[in-house]
Amino acid sequence: MFEIKDLCSAYGDIQVLYNIDLHIDEGEVVALFGPNGHGKSTLLKAISAVHPARSGSILFKGQEIAKTPAHKIVELGIAYIPEERFLFPDMTVMENLNMGAYNLNARKSMAENLEFVFDVFPRLKERRGQLCSTLSGGEARMVAIARGLMCNASMLMVDEPSIGLSPSMKFAVFEAIEKVNREKNLTILIVEQEIEHALRMANRMYQIRKGRILFERKADEIDVKEIEKAYF
């Protein structure tokens, strides 16, 4: 369903990603681990065209998308949920969710997607009239993920979903991501520092360090200590 070949990315003269190869099968959950500043978020930005790759190939459902603009990437069905969330703070939860359904394909399924979002995140249904600036960190994270689901995505890329959340909110967010994968068969690429949580939901994992893929493993075959060792 999704494949990256020989992908390189840079910020000016500073190269961040070196010849990345990665693939994800339909309905699969893949976790991407690595130290801070080693290219995880840059990879998601390259895929979503927020910061396009310098070279290499990105195939989605057999279509080359490496040179496709960001708004077209969303229309094709890839939703990127950045760590920063980027909600509209002076708009309500419902208005933020509606913004996720701006493309034509999403508008056709808006009612169905909204029903699913409220099933996954019942707290958002309760908060739908509340300004996003008044939400807790966990609730804001839920809105960010839900807004991605509203764009009618078939692939979800989530960057650090648990960062800054309380233990109970982390559990709720991870549980919601698992439910999305299970019930919608969404393909998911997740970047996460909470290694054990991510491994429990993932089918496979990739370890990145200094902008290069060190190794790829099935999630149930990897030792957490092996990942931690690669960090340092």
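Predicted model: local features only at pLDDT ≥ 70, side-chain atom pairs only at ≥ 80, totals over all residues.

**Helix packing and the sheet**

Modeller: Helix α3 passes helix α5 in a right-handed crossing. The residues in contact are Met94, Leu97 and Asn98 on α3, and Met110, Leu114, Val117 and Phe118 on α5. Sorted by class, this contact holds six nonpolar residues and one polar residue, with no charged ones.

Now the geometry. Two packed helices are described by the angle between their axes and the distance between the axes. Here α3 spans residues 93-100 and α5 spans residues 110-120. Their axes come within 11 Å. They cross at roughly 130°. The pair is therefore oblique; angles over 145 degrees would count as roughly antiparallel, and 65 to 115 as roughly perpendicular.

Next, the sheet. Four strands make up an open sheet, ordered β2-β1-β4-β5, with antiparallel pairing. The edges belong to β2 (14-24) and β5 (63-64). Each has a single partner strand, so one side of each is left without a neighbour in the sheet.

Inside that order, β1 (residues 2-11) and β4 (residues 55-60) run antiparallel and are joined by five bridges. Cys8 stands opposite Ser55 of β4. Helix α1 (residues 40-48) packs on the sheet. This helix touches β1, β2 and β4. The direction of α1 makes about 110° with that of β1.

Definitions and conventions: Residues numbered from 1 in each chain as written. Heavy atoms only, no water. Pairing = 2+ DSSP bridges. Helix = DSSP H or I, 4+ residues; strand = E, 2+ residues; numbered from the N terminus. Contact = heavy atoms within 4.5 Å. Axes fitted to C-alpha atoms, helices over the stretch in contact; angles between N-to-C directions. Parallel < 35°, antiparallel > 145°, perpendicular 65-115°, else oblique. Left-handed = near helix turned anticlockwise from the far one by under 90°. Nonpolar A, V, L, I, M, F, W, Y, C, P; charged D, E, K, R; others polar.
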